[in-house]
Amino acid sequence: MRTLRKKHVISRALLTLVALIILLPVVLTALYSFFSPEEIKAFMETRGNYDASVWMEIKLAPRVFSLSQYYNILIEDVSVLRLLCNSAMYTVAILLGQALVIPAMAYALSRFKFRGRDAIFFIVIMLMLLPFQVTMVPNVLTLRAMGLLNTAWAVILPTCFAPFYIFLVRQFMVGLPREILEAAEVDGAGTFRCFIHVALPVCRPILGAAVALSFADCWNLVEQPLTYLAGQTQLMPLSVMFNQLTENPSGVEFAGAALYILPALLIYLYFQKDILSGIQLTELK
Amino acid sequence: MFTRKRSALLYLLPGLIGLTLFYIVPFIGGIYYSLTDGSYKNAFVGLQNYINIWKNEMFLLGLKNTLELSLICTPLVWALSFIVAVLLNRLKPGGSFFRNSILMPYLMPSSAMLLIWLVLFDYGGVINRLVTSLGLMRVSWLEGAALRVPVILMFVWKNLGFAVVIFLAALQSIPEPLYEYARLEGAGFFRQAFSITLPMVVPSAFLVFVLSWINAFKIFKEVYFIGGAYPDEAVYTLQNYMNNMFGKLNYQNVTTAAYSFAIIVFIIFGALFFMQKRLQDRLN
Amino acid sequence: MKLKKYAIRGLIIFAVVVALCMFFSGTIRTITTAKVKLLTPRQGKFSEQVELTGKVVFPAAEPVKLENAQGVSLTVTSVKVQPGSEVEEGDVLFTAEIADYEKNMDTLRQSYNEAAGQLADLERKNANLRLRPTDEAWAKAYTALAEAQNVELDARVTRDALLAVEGLKAENGALPEGASEELTEAWAAHDTAAQALKEAEAAMETAERYNISETARAYIVDRQKYEQQMKDYEGQMVDLRALRSTLQSVTAPDDGYITEVNVKAGETFDASGPAYAFSPEKEDPVLRIDTSKTTLTISRGTDVTFDSARGGTAEGSVDSTGVTVSGDTYADVELSSRMIRDLGGSIAMLAEDIPVRVSYRSNDNTTLLPSSAVRGAGDDRYVYTVQQTQSAFGVNSLVTQKQSVTVLAEAEGTVSVAEDLSYMQIAYMEDREIGENTTVMEYVN
């Protein structure tokens, strides 16, 4: 037992280090969001100095604890909020679309036997493997044909059919004990009732995980708006515009970042257990 | 298993329509683009586009960088996540805080995190302080070949957690008696790891590897945020190339590059699947 | 489960906060942002009315002394003029009396009578003396000699005084070079007088050859002396009498203005000082405006107005400017007789300071700003210009920026500034304090 404990101490130390490194950026972002804009601006302007004798200050405490970054963003210049709302709009729309499409498709791919099922699943996997820039080309062709390019739909519609989540949910459903659904079938429930009342509740963990992961993707949309929206600033989500925030420092970047992180963090906290158990229960092969 | 095809179709329909509409049909239709010259006559040029693109320096640079980056990132994430997962698995009841904090970055919008990375990796920043305290010269991380380091680190930071969780799921499904048995047999820690843990997690390991690679192929956001549309040539990825071609409305080049890349991706993952099958068979 | 509850609550709060902020941000911003008025400065000739005071001054005024009353003690009996009086030649200015006139007159008369008595005595004593023709001739020569001696002395004194004044010396009895006309004349007069004296002396010598008895000689000398004395006293009495009548009415020497009166009725007056100052009419009086109190540079041609005594306003313009001995600047306005009338006459206007409105108008185009837009004091003057800044997301806001200016002239309400600011927008009339880099809004009514 003694040696075991000792090993645990080493593990703990290592993990603490890893966790610290991983948490550091988030904590620093949160911390810096309470600096006054002037201080942050001055701090950010010391960047990019290639004089070997000069160091950037390590700032761990604000000179004056200040909410003025938040005040700037929330009250004075709501453009960040407007973009945040764009982000939320995209996220909600995409999540709704995915909710309509993905569980049903995963259900069909896992619980039905029909010709072409494996072919469809193969296509899903293939699409999953392809990076965005490859699938972008066919997407653009369709969007252009439909006249949706440079509208919000261009971002929302293709992303609704994200193959990765079809794959994830399908894998989970495949791993469900057969008896649950069959019992319902025997009770005379139709496939639809089976789907709604049995399959979905049982799949709750993986659905939660999928929502959380998909939320993260949507919240971090960059490529899609950049290519489909052709620089229409008023349609851009905040994630894209952070680039510009960084380029012209205005002292409120960190509050913007913190505000942007906050919903993701809350979503993560909400779905944390689901992600873990969902992935644990998924048959990932 | 249900066999009623009609109701199956009902469930499939929305997704299938979407996939067909947005992916499959245009994917096939796009082949046509890649075979024409893009002039107003749209003359058929055969494989000329492909030949051109494979001679295009920027395309080759992007391809090389993408492959190199993914070849660095994937094993890195894979190995690190395995180590972390093993460590986590050992403190089963108490590890949830570490697990949660390690998974967190996966849900963090990297665009919002970029700023702090830029601060940390500045020439006078914290990372360089660490570097000099180790007795080395300062590195200007944000330009030239060194730019790869922050890009890779950002990628690892973000994707480590998900891989760890997958590994952890696999590790926790290994029945404890197996280890007890091995310990009775006198097997040490490494012996246990190699003869019990590794074989049991091969499917998950493969999945982690594939997912990491998929994500590594998508290593564009970070590059774009740090370097813009035309970053240093050390990190000029294929995605940069395609985005720029798209920006120039050069659909021929984009489609041709996309299909070339798709073929490469398929070949790589085909090979991976094949290897995994062989490995699985042999272990069984 | 607790975590989930907190997370979902957090999300809802987040959404509510964001929604509220978006909804109310406009209102809060409007309340909290300083509001200013904006103006694009115009270029123009700075013009401004300044209230200054002026005084009437007679630049050509000369003090006048009563030259003929030197050494006489006077008593002023009445003064007919005051400063500013316009007079014509011959107008009575004031009257005075010689303090001891009667006594002086009596003394003179007594002296005269004495001399006359002595002459009568002399005649009586020598009643039996028969003057021969030779004696008569001698007496004539003697008288002529005395006369010539007096004339020569006068001429010599005059000549020598002039020589001393001109710093010359008569060498070998010749007229030195560089002598003035006056001296030359005096020289010539003296030569003549000397010649006459020589002739008189020669005549006297000739007369001495006659055999003149001692008695006749003494008689002739004394008679000549007494006659001379009587003539002198008579002359003095005439002078005194004439002075009295002059002083009974001191008159203006010419048409013009009396600018100063130093005599007072009922008081004695010492004639060594000036009795009054006089400015001839052809030299106009000027209105001298004290411009040392204003930052404006008043130059020739600047319009001035003042309230007319007859209601309304009178106008004029600056004719010349200058600096007083003590370093104060002034501007002169020549007063025409019309303007003098408008000022209420020359007497009234001399009495006190005259308020004058100077309509300053600069010659060059400068930037004109309202005073409330120009801040700071002393050499550190600045304005807040407003610049549109774009946030990273393309939202425009107005931010103030400091811009130093050089103030050329300043008056109530308007400031003239050297810099050309016509391409800028200037913030003024803010509703709360603003500083550099303050975000402001424009008033919208």
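What share of the 285 residues in chain A is buried? Buried residues make up 51% of chain A. Keep in mind as you look around that this is a predicted model.

**Chain A**

- Chain A is built with 14 helices and 0 strands.
- Take the contacts in chain A with a separation of 6 or more: 81% of them involve residues 24 or more positions apart.

**Where chain B meets chain A**

- Each partner is listed with its own count here: 83 residues from chain B and 83 residues from chain A take part in the contact.
- On the chain B side, helix 1 (residues 5–34) of chain B supplies the largest share, 17 residues.
- Sorted by class, the side of chain B that touches chain A holds 57 nonpolar, 18 polar and 8 charged residues.

**Where chain C meets chain A**

- Here 19 residues of chain C are in contact with 21 residues of chain A.
- The most on the chain C side comes from helix 1 (residues 2–32) of chain C, which gives 13 residues.
- The classes on the side of chain C that touches chain A are 12 nonpolar, 5 polar and 2 charged residues.

**A sheet in chain C**

- Chain C has an open sheet of 4 strands in the order 3-10-8-5, and the pairing is antiparallel.
- Why do strand 3 (62–64) and strand 5 (86–87) of chain C each have one side without a neighbour in the sheet? Both stand at the edges with a single partner strand each, so one side of each is left without a neighbour.
- As a general point, side chains in a regular strand alternate between the two faces of the sheet.

**Walking across the sheet, pair by pair**

- Strand 3 of chain C is joined to strand 10 (residues 276–280) of chain C by 3 bridges, and the two run antiparallel. To find this pair, look for Pro63(C), which stands opposite Ala277(C) in strand 10 of chain C.
- Strand 10 of chain C is also joined to strand 8 of chain C, by 5 bridges and again antiparallel. In this pair, Val261(C) has Tyr276(C) in strand 10 of chain C as its bridge partner.
- Strand 8 (residues 256–261) of chain C pairs with strand 5 of chain C over 2 bridges, in the antiparallel sense. Here Glu86(C) has Tyr257(C) in strand 8 of chain C as its bridge partner.

Methods:
Residues numbered from 1 in each chain as written. Chains lettered and ligands numbered in written order. Predicted model: local features only at pLDDT ≥ 70, side-chain atom pairs only at ≥ 80, totals over all residues. Contact = placed C-beta atoms within 7 Å. Nonpolar A, V, L, I, M, F, W, Y, C, P; charged D, E, K, R; others polar. Pairing = 2+ DSSP bridges. Buried ≥ 20, exposed ≤ 12 C-beta atoms within 10 Å, placed from the backbone.
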